Each structure stands twice: as C-alpha cells, then as structure tokens.
Amino acid sequence: DIPDGNMILVHGSIDPIVSIFVQQLAQVGTSHKDKVTYITSRTKEEVIEMVRLHNKNPPSFSVVEDSSYLHWKDHVTLNSMLVIDSFSYLVLEKSLLEVRQLLEDFLRMSRQLEAIVVITMEQGMLDPKIEVTVAHLSDGIFHFLSKDTSVGVAHFIRIPKWVTGVSFDDNIYYKYDGRRLNVDLRARVR
C-alpha cells in the first residue's frame, strides 16, 4: 500500500514487467482514489491490450497519450493517482533543470492534494545526473533486477528507499508466468 502524498519511482531495465507492475498499481488505485490517470509513451491501444491480457478486463483507469510534460500536472488532483510510463523516455530531451522542476512540482502537489505520483525509469536511458536526481527526489523506489544463476535467471525487487525513510535489505523474488507476477519468498540468488 502506497501512502498518499508520495512520489514513487519504479526502476528497471528494458523489461515489460515494470509496465505490468505499474498497470497493476493503477488498477488497484482505482478502488482507493477518485481519479487514476496513466500517461503512456506507447499508444492507448497498446496499454489497453496489455491490461486486458493480464486482467481479462479493460483498464479501470484513464489512459492518456501525452508526450508533452506541460499538461501532466493537470492530472494531479485531490485524492488522485498519476502514473507516467515511461517517464525516462518521455523526458529524454529535457534538461536536468526541467526534470528537477517537474519532480519538485509533483512532490509539492502530491503532498498538498493527498495524491500519489508513480513514474517509471529504464536504467541507462537518461543522463546519470538526471537518474540520480529522480532517485533522490522520489519518496520510494522499487528497483526491478535480475541475475543469471546456475538454474536460469532469478528476478527480484529491491526497495532501497521507502516513504518511511528506511531501506529494505531483503530481495523480493518473483516469477512472471505471462499473466501475473508471483512473489516467491523462498527463492535465493545463487
């Protein structure tokens, strides 16, 4: 459960699991928030199809194709949730100052309006200073990782920073079966 008034970063490689995860967050958010908006770097149709594939139903949130960050803040309203996937792709040509200002506005607005902002970032897509700034300003971070093991690839999530000001040392292992993300607390990276 993500507490109101926070900006969350979901960080990973070029992997569809990050989008699947934030789409699930958006679906769950519709039962707790007055308004949930999902801004996509893909087409609206692609997002709807992806959600249908994993949930058997169309999205219960609003899907918006908007590559111009100038209107994103309009979607942060009282008791709302805004998901931007892929934030790193959509701000690719923006300066550090522009990205910092946008994120600071999101932080201020989310606190004032009891809203949640979730952004996704693909590792290595942005200038390192921008990536560090995004991580620094985020209230919480879900970092999706994988590692080759003797029995295949192990997938896991780390939470290096959370809204309470702590980090978690434990890895959260998961398997993706093509439809859902299944957490496996018994797995270990070898």
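Helices (H or I, at least four residues) and strands (E, at least two) are DSSP runs, numbered from the N terminus. The structure described is a predicted model, in which local features need pLDDT of at least 70 and side-chain atom pairs count only at pLDDT 80 or more, while totals for chains, interfaces and linings use all residues. Residues are numbered from 1 along each chain as its sequence is written, and side-chain values use heavy atoms, with hydrogens and water left out.

The protein contains 5 helices and 9 strands, which follow one another along the sequence in the pattern β-α-β-α-β-β-α-α-β-α-β-β-β-β. The radius of gyration is 16 Å, close to the 16 Å that the globule rule gives for 190 residues, so the protein is as compact as a globular protein of that length; the radius is taken over C-alpha atoms, and the rule is 2.2 Å times the number of residues to the power 0.38. Taken along the principal axes, the C-alpha atoms fill a box of roughly 50 × 40 × 30 Å. Of the 190 residues, 47% are buried, where buried means under 20% relative accessible area, exposed over 50%, and partly exposed in between (1.4 Å probe, protein chains only). The accessible surface comes to about 10100 Å², with 51% of this area belonging to carbon and sulfur atoms; areas come from the Shrake-Rupley method with a 1.4 Å probe, and for residues only the protein chains shown count as cover. Among contacts (heavy atoms within 4.5 Å) between residues at least 6 apart in sequence, 66% join residues at least 24 apart.

Asp66 is located in the loop between β3 (62–65) and β4 (80–85). Asp66 is buried but forms no salt bridge, and the nearest side chain of opposite charge, that of Lys94, is 9.8 Å away. For charge, Lys and Arg count as positive and Asp and Glu as negative, with His and the chain ends not counted. A salt bridge is a side-chain nitrogen of Lys or Arg within 4 Å of a carboxyl oxygen of Asp or Glu. The side chain of Asp66 reaches the backbone nitrogen of Ser68 at 3.1 Å. When neighbours within four places in sequence are left aside, Asp66 is in contact with Ile39, Thr40, His71, Trp72 and Leu90.

The model has 5 salt bridges by this rule. One of them joins the side chains of Lys33 and Asp4, at 2.6 Å from N to O. This pair links distant parts of the chain, 29 residues apart: Lys33 is in the loop between α1 (16–29) and β2 (35–40), and Asp4 is in the segment before β1 (6–12). Lys33 counts as buried at 8% relative accessibility, whereas Asp4, at 38%, counts as partly exposed.

Glu104 is partly exposed at 31% relative accessibility, and Arg100 is partly exposed at 36%. The side chains of Arg108 and Asp105 form a salt bridge at 3.5 Å, N to O; these residues are 3 apart in helix α4 and so are separated by about one helical turn. Arg108 is partly exposed, with a relative accessible area of 41%, while Asp105 counts as buried at 10%. Asp105 and Arg108 are linked with Lys73 in a network of salt bridges.

Methods:
A polar contact is a pair of N or O atoms within 3.5 Å; within protein, one must be able to donate a hydrogen and the other to accept it, and residues adjacent in sequence count only if both atoms are side-chain atoms.
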